Amino acid sequence: MTELRNTASENDTVPAPRRAKGEPRFPGGPAADPAGSHHERRIRSFQPRRSRVTAGQAEALERLWPKWGLDIDGLHKLDLGELLGGRPVVLEIGFGMGEATAQMAAADPDTGILAVDVHTPGQGNLLGLADRNGLSNVRVANGDAIILLREMLEPGALDGLRVYFPDPWPKKRHHKRRIIQPEFLTLAASRMRPGALIHCATDWEPYAEQMLEVLGEHPDFENTQENGGYTPRPPFRPLTRFEGQGLDKGHVVHDLLFRRK
Ligand SMILES: C[S@@+](CC[C@H](N)C(=O)[O-])C[C@H]1O[C@@H](n2cnc3c(N)ncnc32)[C@H](O)[C@@H]1O
């Protein structure tokens with residue numbers, strides 16, 4: 001696995017700088033809920049949270065957001081070729097702190113990664129990692145991936161889709177928040193070119209079963225595994241932070257790799 005230059009210490013969190021009402025949290029940085037006013041979705045797969053950022057993450061957000069960041073405002077289509085220098089582009093939904101994303105970008109510089117999350121510290125962390133490791137093939141999108149897919153990507157634009165350890169929403173009344181659902185797959189398929197791979201992983205057994213069922217039944221996807229089951233973790237997917245936490249609790253991890261027909 002590609003060795004990365006490490007992030008700054010995670011213990012040096014700083015309170016968000018004092019600012020007047022309405023003043024942006026990071027000048028020139030990611031917007032709070034960029035599509036919220038005009039593309040409200042009632043059921044979201046993420047929990048909005050106000051998280052503390054480290055000094056290093058804040059510095060990266062302010063310095064690098066104008067260069068490598070984009071807000072998902074849902075107001076225009078993206079030209080992915082232009083955004084990532086003509087490389088084939090894989091969308092990663094929910095990169096968390098971005099360590100695995102940076103490793104995959106370093107290992108495969110000819111593929112562009114459009115990495116999306118709502119988590120501000122993670123956005124700063126990934127920007128910092130990309131900068132320190134000279135990764136020019138990563139762009140960081142802030143906001144809801146559903147709005148990105150629905151409003152901002154052209155049909156067939158994606159060469160791949162990665163959803164690693166999506167929030168499991170274990171309570172029954174929250175299952176509707178799980179991102180891997182038939183409607184999501186229909187939307188995702190429409191934005192993927194034929195032959196593109198969707199790669200999911202989870203350490204939550206009931207969610208793995210749900211993923212296998214909805215992907216297996218979806219008319220736009222076929223399993224790369226001839227036996228119709230889970231796939232061994234492909235060598236290109238590094239261990240992720242959430243995966244590590246799951247493994248510490250004794251969870252079993254399942255990968256799923258399906259092809260857009
Ligand atoms: C459980 S974490 C996993 C993070 C990372 N993939 C890992 O394995 O360490 C799931 C992440 O997905 C993000 N997320 C969930 N739904 C999302 C959506 N619709 N758009 C963007 N990010 C989303 C959450 O903010 C969270 O950071």
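Mentor: Two residues are in contact if their C-beta atoms, placed from the backbone, lie within 7 Å. Helices (H or I, at least four residues) and strands (E, at least two) are DSSP runs, numbered from the N terminus. This is a predicted model, where local features need pLDDT of at least 70 and side-chain atom pairs count only at pLDDT 80 or more, while totals for chains, interfaces and linings use all residues. Residues are numbered from 1 along each chain as its sequence is written.

Trainee: How many residues of helix H3 are buried?

Mentor: A residue is buried if 20 or more other C-beta atoms lie within 10 Å of its own, exposed if 12 or fewer, and partly exposed in between, with C-beta atoms placed from the backbone. The buried residues of H3 include Glu99, Thr101 and Gln103. Helix H3 covers residues 99-107 and is mostly covered, with the buried count being 8 of its 9 residues.

Trainee: Which elements are included in what covers the buried residues of H3?

Mentor: Among the buried residues of H3 are Ala100, Ala102 and Met104. Their cover includes strand E4 (89-93), E5, H4, strand E6 (138-142), E7 and H8.

Trainee: Are H1 and H4 roughly parallel or roughly perpendicular to each other?

Mentor: Axes are lines fitted to C-alpha atoms, for helices over the stretch in contact, and angles run from 0 to 180 degrees between N-to-C directions. Helix H1 (residues 55-68) and helix H4 (residues 120-132) pack at about 75°, with axes 8 Å apart. Angles under 35 degrees count as roughly parallel, over 145 as roughly antiparallel, 65 to 115 as roughly perpendicular and the rest as oblique. H1 and H4 are therefore roughly perpendicular.

Trainee: How do the residues of that contact of H1 with H4 divide, and how many are charged?

Mentor: Ala, Val, Leu, Ile, Met, Phe, Trp, Tyr, Cys and Pro count as nonpolar, Asp, Glu, Lys and Arg as charged, and the others, Gly among them, as polar. The contact is made by residues including Leu61, Leu64 and Trp65 of H1 and Pro121, Leu127 and Asp131 of H4. The residues divide into 9 nonpolar and 6 polar, and the charged ones number 1.

Trainee: Which element supplies the largest share of the shell around the ligand?

Mentor: A residue is near a molecule or strand if its C-beta atom, placed from the backbone, lies within 6 Å of it. The ligand is surrounded by 22 residues, with Gly94, Gly96, Phe165, Thr240 and Phe242 the closest. At least two shell residues come from each of strand E5 (112-117), helix H5 (145-152) and H8. The largest share, 3 residues, comes from H8.

Trainee: Is Phe242 buried or exposed?

Mentor: Phe242 sits in helix H8 and touches Gly96 and Phe165, leaving aside residues up to four places away in sequence. Arg241, also in H8, has 16 C-beta neighbours inside 10 Å and so counts as partly exposed. Because 20 other C-beta atoms lie within 10 Å of Phe242, this residue is buried.

Trainee: How far apart are the farthest two C-alpha atoms of the "binding site" residues?

Mentor: The unreviewed UniProt entry puts this annotation on Lys171, Asp203, Thr240, Arg241, Phe242 and Glu243. They span 73 residues in sequence and do not all gather at one spot, because the farthest two C-alpha atoms are apart by 23.3 Å.

Trainee: Is His76 buried or exposed?

Mentor: His76 is in the loop between strand E3 (69-71) and helix H2 (80-83). With 8 other C-beta atoms within 10 Å, His76 is therefore exposed.

Technical notes. UniProt positions renumbered as here; feature names shortened; annotations may be inferred.
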